[in-house]
Amino acid sequence: MKTKLLLVLLVILHKPFWILASSYPLTPSPQVSPFPTSMSASSPGIVMGAEQQQMDSHKKMVIAIAVASTSLGAVILCVLCVWIYYTKYPSKSNTKKVQRSEDAEKGLGSAPFLSKFSSTKPVGKQGCVPTIDYRQIEKATGNFKEINILGEGGFGCVYKAHLDDDLDVAVKKLHCENQNAEQEYENEVDLLSKIQHPNVISLLGCSSNDDSRIIIYELMHNGSLETQLHGPSHGSALTWHLRMKIALDTARGLKYLHEHCYPPVIHRDLKSSNILLDTKFNAKLSDFGLAITNGAQDKNNIKLSGTLGYVAPEYLLDGKLTDKSDVYAFGVVLLELLLGKKPVEKLAPAQCQSIVTWAMPQLTDRSKLPSIVDPVIKNTMDPKHLYQVAAVAVLCVQPEPSYRPLIADVLHSLIPLVPVELGGTLRVPQQSQQVLPVDPSVHLSEQ
Ligand SMILES: Nc1ncnc2c1ncn2[C@@H]1O[C@H](COP(=O)(O)OP(=O)(O)O)[C@@H](O)[C@H]1O
Ligand SMILES: [Mg+2]
């Protein structure tokens, strides 16, 4: 469409040139000679001289007009090209603004807060976060009652809070006598205020008093993937298809951070306790305290952080941090989903074993693989799909980062394994849908 418009414009712009060119041909023709043909024939010398002069001046005029109109055309063409380029490929910062406003339209984010609380806290370069009075948070959490604790983190707990108008939220309280807690608070609020995606937790607001910092998030009713897999239910709520959906959602969240944020974001602490699940088991990435934007200049100076079992070897040994570090951690989460094991198992008081070291030989052996699958989902999946997921996990946890796939490639390999209703492209015949494990009693006794 734009190309057609461009061509039409070019033809119009060059029309005067063609008209002029045909009125002032470069080789004089008898029809356009201002002198009668008889005269030309009778006194050739004089006539030829005058004719020559006139033809010369015509030629010059034609050339001047041609040059002028061509350069005008070229200038307009350049302007048009620049205009088309910017309308077709808006700058990344513009894209980001568009993404943010699109998401805001979807009703994500802090709309109820913005209408309820007048004050907002400006963060970073472009973020703005609603602030809420600390006393209101105290009241909403029953003065941070233990019964309201949803989870525990490095610098404090996360509480369930009941605000007015039937609004339940999650509230993280950080004790900021610790310098790192303050830093993580600033980092998380700054980043989350700028990014919005269906697979990234929504920041609703923040609050503070002299010695505590508060972050308010949307409440994720099914808690963390870690609690689901390794808590009291031992993964029994998670069918094979739900596990694949959680992996796909996580990959979508990561792809957004790596490829659609500008500058790109590396999560740096991807693990099952930082993947949260809503009522429908939609998975969202959370805990952005350690996340960094991919500004290469400070990447090498950052403090080594992360969680044992999920940290990529090159980051652990050389402090080399890239998006492939997140891919490694993703591979470990995939193994947890597949095998139902913790990333690091204690064998003896002073002896630990990583899931990667333990599983690797069996993951690549098709005859052994089914025997190491989480008992809760054993024999509930198409074996081809099982081999496929195991192969993806093996690639993600390769010691050499360049052998690991990009998260976008991982995502594409997972889409066909997730049923359409859960956000993938797999069409599952009704009768073969596996809602429950094949024999739940066996699994209960195995735990
Ligand atoms: N929005 C939420 N909804 C429900 N539970 C949450 C939410 N945010 C955190 N939690 C729970 O609290 C735990 C710790 O939260 P997290 O943000 O990871 O804190 P930390 O930075 O201290 O690790 C999570 O693993 C999860 O169990
Ligand atoms: Mg955490």
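# Notes on the ligand shell, the core and some backbone details

1. By class, the shell around ligand 1 has nine nonpolar, ten polar and three charged residues. Here Ala, Val, Leu, Ile, Met, Phe, Trp, Tyr, Cys and Pro count as nonpolar; Asp, Glu, Lys and Arg count as charged; the others, Gly among them, count as polar.

2. A word on the model and its labels. This is a predicted model, where local features need pLDDT of at least 70, side-chain atom pairs count only at pLDDT 80 or more, and totals for chains, interfaces and linings use all residues. Residues are numbered from 1 along each chain as its sequence is written, while chains are lettered from A and ligands numbered from 1 in the order in which they are written.

3. Back to the ligand. The shell of ligand 1 holds 22 residues, and the closest are Gly151, Gly153, Val158, Ala170 and Asp287. A residue is near a molecule if its C-beta atom, placed from the backbone, lies within 6 Å of it. Strand S3 (149–152), S5 and strand S7 (212–218) are the elements that give two or more residues to this shell. Domain 2 (111–218) and domain 3 (225–422) each supply at least three residues. Domain bounds come from an automatic or database domain assignment.

4. Lys173 deserves a look. UniProt lists Lys173 under "binding site", in an unreviewed entry. UniProt positions are given in the numbering used here, feature names are shortened, and annotations may be inferred rather than shown by experiment. Lys173 sits in strand S5 (residues 167–175). Is Lys173 buried or exposed? Lys173 is buried, because 22 other C-beta atoms lie within 10 Å. The cut-offs are 20 or more other C-beta atoms within 10 Å for buried, 12 or fewer for exposed, and partly exposed in between, with C-beta atoms placed from the backbone. Leaving aside neighbours within four places in sequence, Lys173 is in contact with Phe144, Gly156, Cys157, Tyr159, Ser212 and Ile214. Contact means C-beta atoms, placed from the backbone, within 7 Å.

5. Now the whole protein. It has 17 helices and 13 strands. Helices (H or I, at least four residues) and strands (E, at least two) are DSSP runs, numbered from the N terminus. Of the 447 residues, 33% count as buried. Among contacts between residues at least 6 apart in sequence, 65% join residues at least 24 apart.

6. Which residues have the most contacts inside the largest nonpolar core? They are Phe330, Leu334 and Ala393, in a core of 93 residues. Helix H12 (residues 323–339) gives the most to this core, with eleven residues. Domain 2 (111–218) and domain 3 (225–422) both contribute, so the core lies between them. A nonpolar core is a set of buried Ala, Val, Leu, Ile, Met, Phe, Trp, Tyr and Cys residues joined through C-beta atoms within 7 Å. Beyond its neighbours within four places in sequence, Phe330 is in contact with Thr250, Ala251, Leu254, Leu270, Cys396, Ile407 and Val410.

7. Asn143 has a positive phi of about 55° although it is not a glycine. Asn143 is exposed, because it has 10 C-beta neighbours inside 10 Å. Phe144 is found in the loop between H6 and S3. Phe144 also has a positive phi of about 55°, and is not a glycine. Phe144 is partly exposed, with 18 other C-beta atoms within 10 Å.

8. One peptide bond to note: Tyr262 to Pro263 is cis, with omega near 0°. Pro263 lies in the loop between helix H9 (240–260) and strand S8 (265–266).

Note on methods:
Contact = placed C-beta atoms within 7 Å.
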